[in-house]
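Subject: Structure handover

Hello,

Here is the structure I said I would pass on. Please open it before reading the notes below.

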Amino acid sequence: MARVRLRVVLDDALLPRAAGEAVLCRVEVEADEDASCAGLNARVAWRTAGDANEVEGGGPPAVLGTGEWKSGDRLSFPFSLTVPPGPPTYDGRHFSVAWAVRADADLS
């Protein structure tokens, strides 16, 4: 499999957001090898952790692009997503809920 690094960068990363608000971001791609990308996707997601059941949820993915990436490529894909409804962020002794913007690439 091709070696590609993805990095999600949020504008105003420290700004709290609520359901229905926009998150402005970009995915930075660094290709160490040639790769064919069938889909670069990003989404806002939440995940529970701790002593309770681990559950994940979030909004639908946004397709950011497809194409051929060459070794040495440094690409940037700006996008905006809306925060979906979900549980609030919480960090407790036995249980936590964390939100993140996640990106993945379908590579061949």
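This is a predicted model: local features need pLDDT of at least 70, side-chain atom pairs count only at pLDDT 80 or more; totals for chains, interfaces and linings use all residues.

Residues are numbered from 1 along each chain as its sequence is written, and side-chain values use heavy atoms, with hydrogens and water left out.

Overall fold

The protein chain has 8 strands and 0 helices. Strands (E, at least two residues) and helices (H or I, at least four) are DSSP runs, numbered from the N terminus. Along the principal axes, the C-alpha atoms fill a box of roughly 45 × 30 × 20 Å. Of the 108 residues, 30% count as buried; buried means under 20% relative accessible area, exposed over 50%, and partly exposed in between, with a 1.4 Å probe and protein chains only. Among contacts (heavy atoms within 4.5 Å) with a separation of 6 or more, 70% are between residues 24 or more positions apart.

Core

A nonpolar core is a set of buried Ala, Val, Leu, Ile, Met, Phe, Trp, Tyr and Cys residues joined through side-chain atoms within 4.5 Å. The largest one has 19 residues, and Leu-40, Leu-64, Trp-69 and Phe-79 have the most contacts inside it. Strands β2, β3 (35–50), β5 (62–69), β6 and β8 each give two or more residues to this core. Leaving aside residues up to four places away in sequence, the residues that Leu-40 touches include Leu-6, Val-27, Leu-64, Trp-69 and Phe-77.

Salt bridges

The structure holds 8 salt bridges, each being a side-chain nitrogen of Lys or Arg within 4 Å of a carboxyl oxygen of Asp or Glu. In one of them, Glu-30 pairs with Arg-5, with the closest N and O atoms 3.0 Å apart. Glu-30 is in strand β2 (residues 22–31) and Arg-5 is in strand β1 (residues 4–10), so this pair ties together parts that are 25 residues apart in sequence. Both ends are partly exposed: Glu-30 has a relative accessible area of 31%, and Arg-5 has 40%.

Glu-28 and Arg-7 also form a salt bridge, at 3.0 Å from N to O. This pair again links β2 with β1, over 21 residues. Arg-7 is exposed, at 51% relative accessible area.

Glu-30 has another partner, Arg-74, with the closest N and O atoms 3.8 Å apart. Arg-74 lies in strand β6 (residues 74–82), 44 residues from Glu-30 in strand β2. Through shared partners, salt bridges join Arg-3, Arg-5, Glu-30, Asp-32 and Arg-74 into one network.

A loop residue

Pro-87 sits in the loop between β6 and β7 (90–91) and is partly exposed, at 26% relative accessibility. Beyond four places in sequence, Pro-87 touches Trp-46, Val-97 and Trp-99.

Pocket

How much space lies in the largest pocket? The figure is about 280 Å³. A pocket is an open set of points on a 1 Å grid over the protein atoms alone, where a 1.4 Å probe fits, with protein on both sides within 12 Å along at least five of seven lines; lining residues have an atom within 4 Å of a point. Points are joined across faces, edges and corners, and the volume is the space filled by probe spheres set on them.

The lining has 16 residues, with Arg-17, Val-23, Val-44, Val-83 and Trp-99 nearest the centre of the pocket. By class, 13 are nonpolar, 2 polar and 1 charged. Here Ala, Val, Leu, Ile, Met, Phe, Trp, Tyr, Cys and Pro count as nonpolar, Asp, Glu, Lys and Arg as charged, and the others, Gly among them, as polar. Strand β8 (residues 95–107) supplies the largest share of the lining, 3 residues.

Regards
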